[in-house]
Amino acid sequence: MYFSFPRKKIILLAGILLVLLYSVYQTFNFKSQLFGESPFGQIFVRTMSDAYKTLVYTVQEKGGNFASVFSSDNVYMSTPEKADRIKNARAIPVLTYHAIMTSKDETKQSPESFEGHNIGLKEFEDQMFTLKKNGWETITLLEFQSFMREGKEIPEKSFLLTFDDGAKESYYPVEPILKVLEYEAVTFILPSFSQGNGSHYYLSENEISRAIKSGRWEVGSHGNNVHTFVPVDNASNTAPALANRKWIPEKNRTETFEEYENRIREDLLVSQKKLEDMFNVPIKTFAFPFGEFGQLSKNIPEEDMILPTVATDIYDYAFYQWWKGEGFTFNYREPYKGMMKRISVKPTWSGDDLLTMLENGKPKTLPYLDTFQNNQGWLSTWGNFDIADSQLKMSAGETATGASIILDGSKDWKNYTLHLDVDSAENTGVFVFIRYRDHENFATCNIGNGFAHVEQTIRGKQQVIKGNRSESISVPKGPFRVDIEVHDRKVSCSINGAVLVDTEFLDGILDYGGIGLKIWDKNSGLSSITIDTLNITDSNVIPQR
Amino acid sequence: MKKLRDFVTSIHDMVEKAISRLSTASRNIGQQATNIDPLLWFMFFFTIYVILILKVNTSGSIADHIFFSAYSVIITIYIFSRFLLAHFHKKVVVDMNYQPTVTFVVPAKNEGGNIGKTIERFAEVDYPMDKIEVIAINDGSTDNTYEAMCEVAEKISKKIKRVEIVNWIENKGKRHGMAEGVMRARHEIIIFIDSDSFIEPDCVSHLVKYFSDPMMGAVSGHTDVYNRNANLLTQMQALRYYIAFRIYKSAESVFGSVTCCPGCCSAYRRSYLNEFLDEWLNQSFLGAPCTFGDDRALTNFILKKYNAVYCAEAKANTVVPDNFKQYVKQQQRWKKSWVRETLIACTFMWRRNAVAMIFFYMYVFLAIASPFVFFRALFWLPITESEWPLVYLGGLFLMLMLHGLYYRIKVGPRAWALAIISFWFHSVLLMWQLPWAVVTIRDSRWGTR
């Protein structure tokens, strides 16, 4: 053996080894504090890509202006500065995103229940840049709140940008975009997953703190332990934990309504408390896991639905996801309201798709004339419709009995007179929605062969306020005109100038609301209608054709 | 091309200047003039730190890929253990009372240019001249090698005990030349010197000092690259030689298990060589006669019964290939003999010291696994997972960086940074050589250079 161990060598080496190991240990400690469980490689890639993307986005965003500064005439169109915009917003859309996928790797990491929610970075970039270019700006939760409840004016084309679940991939790819576009966002955190170091997938406490500190991010709650599916019966059917009564195997029954309420109240309180303790900021907003507030509950009937009440008890705002048929896409100023809707952005939407959605959803000004050159915001709530050849066509599908649509952006209309040029091949009748608030609250002029009704639906319960029955009432085949006047609590419905029914007893809840159309016949595939023109005037006088 | 090279060189000069300025500054801060360079040592340990961080960081996925994770852990342990063991390598002092007689054996073919200088140095060593014998073998040279030999023999014959020149008209191969030298030698210790290697004057006394131990069969000297300033390729090889001797041989030497006492400058005990000289001379592998890797084979025979060590103080310089084609050929030859002799060594290494044995088999595992790891990182993962081989190439670079820094610390300002980049580049470029050597192991062409 040819080695020797002089004490000096050993002591020196041991010292160096200790320092080395301690440094390694401390480095990991420090890293976990800053970045949670993310591996170094990922941190490195993220940091590099943040810098790189910021540069790319800056060039992309400011590049146009730089170029025009050097152009010969030195004249360029400038979009109005953020502060100079006219403060005329009447409603605010809220967008929901989950994770932004930068590579196919990320899908592997994300829990199965998120599949289909995540969206690619390219699409996200396209969406954000398109919105920015067309004058859309984000607002903060405070601005949202003061707009909704305190009458503060904010510019039209304002939106709230939100991200659910607090995934790392809902922060890192987004951050450079927010930085460059001067946008802000809200992230709905699952405190039980983000606590401490978080995980490979979820943001850690310190990452969220840093996000908040940057001023670009605000935090809301996404529930403590309820972002999961639980068994709801003994047949091992599962459903979202927050919107359903849980099956208790030990007791061989589902939890009682009381147990259920206690559980969800506890969870919402705990998640709020945890987040407030972690970040030292008030947590005033909540996002329902899976967007469900009980509307799809497996074992809680609608009349017993308490989740929205509990959620808005604890939080100022509880966000659910808007769905087709639910009503308008924007949140209108309703000071007493805590339930807010969000548009869940689909991975397939281009920037222009999203822009169209928001532009169409913008509250419409009166008087309003629609000659159906393109879709100005008609939304299907049931069945199909088509806008082509300067006509709006509705027809029941082969196996359907009818279809219905509403005009997005009309929710805050109050008094209006509506003139429709209709062409009907089959005299299956006409339903015109007025004072439409949402799918459960609206009034209808329902004119069929032999009757004319003014109906109202309040909290889902339909009722005829006034109905006229007469052999002389009929819906013509071919072209005819429908005029409907809505003024305070008065409604009158006319065909070709003849008032068929009128009432002065519209429910006070429906003191404003938008418009829509419906067709129906008991025989499937039969009902259809074509609209040539829609003209809305705020006068009581029916204009001459 | 030349401009590019100038550009790279100028950048290197800048880096080197900055480092030397910083290190002088850092040296001045601390103690008085010492040869310890705090800045460079800091960089050295910082590199280890970065490697450790990388390794710990990727340790999370160990369960996913046992084989590749094992490779990653073992290679780290192996390389760090080399530095550690080399650090504790025992220094042996020259014993003036033990001065055995020595024979220099120099086989040469077409080395007319160098051979004179090589042999001349034998008569200039700090060692009793009457204990020195020189046997030079001209192995069928077609140039003036024989004449040069005779000329220098004439010159030194009066100074030393005995000079013998063997002149073969037909080329027989280096192994035959070496064996002929051993057979004709009369002295106790045989020192093999390559015809293009030049020894330092104190080389002999350092080489022989280990032989007072009767278990000692062979001692490897330390060989540096003579023509290191020729180009980047030779600069890179200078670094490789330095590290291969100073760290890797030194670490093996701790257990007396140096696996290769190279032909360029090594001493063997003649009485032990005679035990297996014929066997060695007629060695064949898989039915084909072995025509290269003579030194590694010789060391293997020694290791079966005796010890082999490395002596850092016994210095020689050797000429290395200065063009890529020759370099690749030489490397291929070495890889083949490495495969052959390592397989043979596997059959008896387990009988040696337990620690030496563990590290030896570790090394064998690493060598076998490395092409697979390389293929996975550079081709498989990028294609199937679109995963770029950043960690692999970065890790490789850091490891080589560690070697480069050690080299820079020990030998002073030289083209170390560029050499490291070139080493890294060649490691990646020549990764195919080992599997290719396995495939073509029976093909003994390229046997001579």
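Reader: What percentage of the 449 residues of chain B count as buried?
Author: This is a predicted model: local features need pLDDT of at least 70, side-chain atom pairs count only at pLDDT 80 or more, and totals for chains, interfaces and linings use all residues. Residues are numbered from 1 along each chain as its sequence is written, chains are lettered from A and ligands numbered from 1 in the order in which they are written, and side-chain values use heavy atoms, leaving out hydrogens and water. Buried means under 20% relative accessible area, exposed over 50%, and partly exposed in between (1.4 Å probe, protein chains only). For chain B, the buried share is 55%.

Reader: How many helices and strands does chain A have?
Author: Helices (H or I, at least four residues) and strands (E, at least two) are DSSP runs, numbered from the N terminus. Chain B comes to 15 helices and ten strands. The count for chain A is eleven helices and 31 strands.

Reader: Among contacts in chain B between residues at least 6 apart in sequence, what percentage join residues at least 24 apart?
Author: Contact means heavy atoms within 4.5 Å. With that cut-off, chain A gives 69% for the corresponding share. For chain B the share is 82%.

Reader: How many residue pairs are in polar contact between chain A and chain B?
Author: Buried area is the accessible area (1.4 Å probe) that two parts lose on being put together, summed over both; here it is about 2000 Å², with 69% from carbon and sulfur atoms. A salt bridge needs a side-chain nitrogen of Lys or Arg within 4 Å of a carboxyl oxygen of Asp or Glu, and between these chains there are zero. A polar contact is a pair of N or O atoms within 3.5 Å; within protein, one must be able to donate a hydrogen and the other to accept it, and residues adjacent in sequence count only if both atoms are side-chain atoms. Between chain A and chain B, with both residues at pLDDT 80 or more, the number of such pairs is six.

Reader: Which helix supplies the largest share of the side of chain A that touches chain B?
Author: Helix 1 (7-35) and helix 2 (40-70) of chain A each supply at least two residues of that side. The largest share, nine residues, comes from helix 1 of chain A.

Reader: S253(B) reaches the backbone nitrogen of which residue?
Author: S253(B) sits in helix 8 (residues 232-253) of chain B. Its relative accessibility is 0%, so S253(B) counts as buried. Beyond four places in sequence, its contacts include Y2(A), H89(B) and V258(B). At 3.0 Å, its side chain meets the backbone nitrogen of Y310(B).

Reader: How far apart are the end C-alpha atoms of helix 4 of chain A?
Author: The expected span of a helix is 1.5 Å times one less than its number of residues. Helix 4 (residues 121-133) has 13 residues and should span 18 Å, and the computed distance agrees: 18 Å.

Reader: How many residues apart in sequence are the parts that E169(A) and R46(A) tie together?
Author: The two side chains meet in a salt bridge (2.4 Å, N to O). E169(A) lies in the loop between strand 6 (158-165) and helix 6 (175-181) of chain A and R46(A) in helix 2, so the separation of the parts is 123 residues. Both E169(A) and R46(A) are buried, and the sequence gap that their pair spans is 123 residues.

Reader: Is R184(B) buried or partly exposed?
Author: R184(B) and E180(B) meet in a salt bridge (2.7 Å, N to O). Both lie in helix 6 (residues 174-184) of chain B, four residues apart, about one turn of the helix. E180(B) is buried, with a relative accessible area of 15%. The relative accessible area of R184(B) is 33%, so R184(B) is partly exposed.

Reader: Which residues do salt bridges that share partners join into one network?
Author: E180(B) is buried at 15% and R184(B) is partly exposed at 33%. The network joins E133(B), R162(B), E164(B), E180(B) and R184(B).

Reader: The peptide bond from L366(A) to P367(A) is cis or trans?
Author: Most peptide bonds are trans. P367(A) is in the loop between helix 11 (351-361) and strand 17 (368-370) of chain A. Omega from L366(A) to P367(A) is near -5°, and the bond is cis.

Reader: Does S236(A) count as buried or exposed?
Author: S236(A) lies in the loop between strand 9 (229-231) and strand 10 (238-240) of chain A. Its phi is near 55°, a positive value in a residue other than glycine. At 59% relative accessibility, S236(A) counts as exposed.
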